[in-house]
Amino acid sequence: MSTSTNTRRITAPEIRSRKGGTPIVCLTAYTAPMARFIDPHADLILVGDSLGMVVYGFETTIPVTPAMMAAHGAAVVRGSARACVVVDLPFGSYQESPEAAFRVAASIMAETGCTAVKLEGGVEMAPTVRFLTRRGIPVMGHIGLTPQAVHVFGGFRSQGGDQEEARRIRADAEAIAEAGAFAIVLEAVREPLGREITAAVPVPIIGIGASPQCDGQILVTEDILGLFGSFTPKFVRRYAELGDAVSEAVARYADDVKARRFPGPENCYGIEKKKHG
Ligand code: KIV
């Protein structure tokens, strides 16, 4: 359920039709209040499984469950009215077979009211992308650095550094687009490769550490706001330092409590306001 009944949500085909046009603005959100702040400015809100690291404090996205994605996805749909909301399928819920992917995607869509799901993987996931899209589930792909495969990569490292890796990522992009994805996230690749894939592939490429020439950009909102300090990739630009503001506000509150300056009379029931004059 959305916050407004008058606003129409941006659809997956509308995102698809923006190939080569005005850059598509994408950000992550995990909660209804954050979705409300982002919704007027973003075309697409991703309920990313990065919430495992940003909200739950895990070291990777691997422990995230479908139940977590469904709860946060529903909150973001309730907090937004305009943006296309995409929910990540978490690790282990979809890789086994197209049928397993369909079951988890259908249940997340039904529980959240989201528009589409995102899954990680290239050539090997193309049959799954085709299976889902042919059965009514819009899919966003995610290639390049795919965080759910962090233990295969041996860390969160940029991809496409040698010719063989670059060839593999190009083939991944082509396979996922051909299978019917309406857009593809391309993460942490060398800029020339990001540019080349954007020019070659017929669906929007949404860059995160890829290229300014991508059809859109996405970042984790807590990264741009300075609310997540554990790990800041090179591709993040900070637009605010809200973490510092939170620390300062909390320290002032603690001082006020200890000095009995809080609560003041204005915060108490049954204390008359002092009359002046
Ligand atoms: O999980 C996530 O937030 C993502 C984006 C960073 C693309 O996949």
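Rings of Phe, Tyr and Trp (its six-membered ring) pair if their centres lie within 6.5 Å; planes under 30 degrees apart count as stacked, over 60 as edge-to-face and the rest as tilted. By this criterion the structure holds 3 aromatic pairs. The model is predicted, so local features need pLDDT of at least 70 and side-chain atom pairs count only at pLDDT 80 or more, while totals for chains, interfaces and linings use all residues. Residues are numbered from 1 along each chain as its sequence is written, and side-chain values use heavy atoms, with hydrogens and water left out.

**Overall architecture**

- The chain contains 11 helices and 8 strands; helices (H or I, at least four residues) and strands (E, at least two) are DSSP runs, numbered from the N terminus.
- Along the principal axes, the C-alpha atoms of the chain fill a box of roughly 80 × 40 × 35 Å.
- Of the 277 residues, 49% count as buried; buried means under 20% relative accessible area, exposed over 50%, and partly exposed in between (1.4 Å probe, protein chains only).
- Among contacts in the chain with a separation of 6 or more, 59% are accounted for by residues 24 or more positions apart, where contact means heavy atoms within 4.5 Å.

**The aromatic pair of Phe102 and Phe131**

- A pair of aromatic rings is described by the distance of the centres and the angle of the planes.
- Among the aromatic pairs is that of Phe102 and Phe131, which is edge-to-face, with 6.5 Å from centre to centre and 80° between the planes.
- This pair links distant parts of the chain, since Phe102 belongs to helix α5 (residues 98–112) and Phe131 to helix α6 (residues 126–133), 29 residues apart.
- Phe102 counts as partly exposed because its relative accessibility is 27%, whereas Phe131 is buried because its relative accessible area is 18%.
- The charged end of Arg135 sits over the ring of Phe131, 3.6 Å from its centre; the criterion is that NZ of Lys or CZ of Arg is within 6 Å of the ring centre and within 35 degrees of the ring normal.

**Surroundings of helix α6**

- The buried residues of α6 include Ala126, Thr128, Val129, Phe131 and Leu132.
- These buried residues pack against α5, β4 (116–120), β5 (139–144) and α8 (163–178).
- Glu99 lies in helix α5, and its C-alpha atom is separated by 8.1 Å from that of Phe131, 32 residues apart along the chain.
- Glu99 counts as partly exposed because its relative accessibility is 40%.

**Packing of helices α4 and α5**

- Helix α4 (residues 66–79) packs with α5 at an angle of about 35°, and their axes are 8 Å apart; axes are lines fitted to C-alpha atoms, for helices over the stretch in contact, and angles run from 0 to 180 degrees between N-to-C directions.
- The crossing of α4 and α5 is right-handed; a crossing is left-handed if the near helix is turned anticlockwise from the far one by less than a right angle, and right-handed if clockwise.
- On the α4 side, Pro66, Met69, Ala70, Gly73, Ala74 and Val77 meet Val104, Ile108, Glu111 and Thr112 of α5.
- The residues of this contact divide into 7 nonpolar, 2 polar and 1 charged; Ala, Val, Leu, Ile, Met, Phe, Trp, Tyr, Cys and Pro count as nonpolar, Asp, Glu, Lys and Arg as charged, and the others, Gly among them, as polar.

**Backbone features**

- A cis peptide bond, with omega of about -5°, joins Phe262 and Pro263, and Pro263 lies in the segment after α11.
- Arg260 is also placed in the segment after α11 and has a positive phi of about 55° although it is not a glycine.
- Arg260 is exposed because its relative accessible area is 74%.
- Ala188, not a glycine, has a positive phi of about 50° and is placed in the loop between β6 (183–187) and α9 (191–200).
- Ala188 is buried because its relative accessible area is 8%.

**Individual contact sites**

- Thr61 lies in the loop between α3 (51–54) and α4, and it counts as buried because its relative accessibility is 2%.
- Not counting residues up to four places away in sequence, Thr61 touches Asp49, Ser50, Met53, Pro147 and Gln148.
- Gly243 lies in helix α11 (residues 242–258) and, leaving aside its neighbours within four places in sequence, is in contact with Leu225, Gly226 and Leu227.
- Gly243 and Gly229 are 14 residues apart in sequence and 8.3 Å apart in space, C-alpha to C-alpha.
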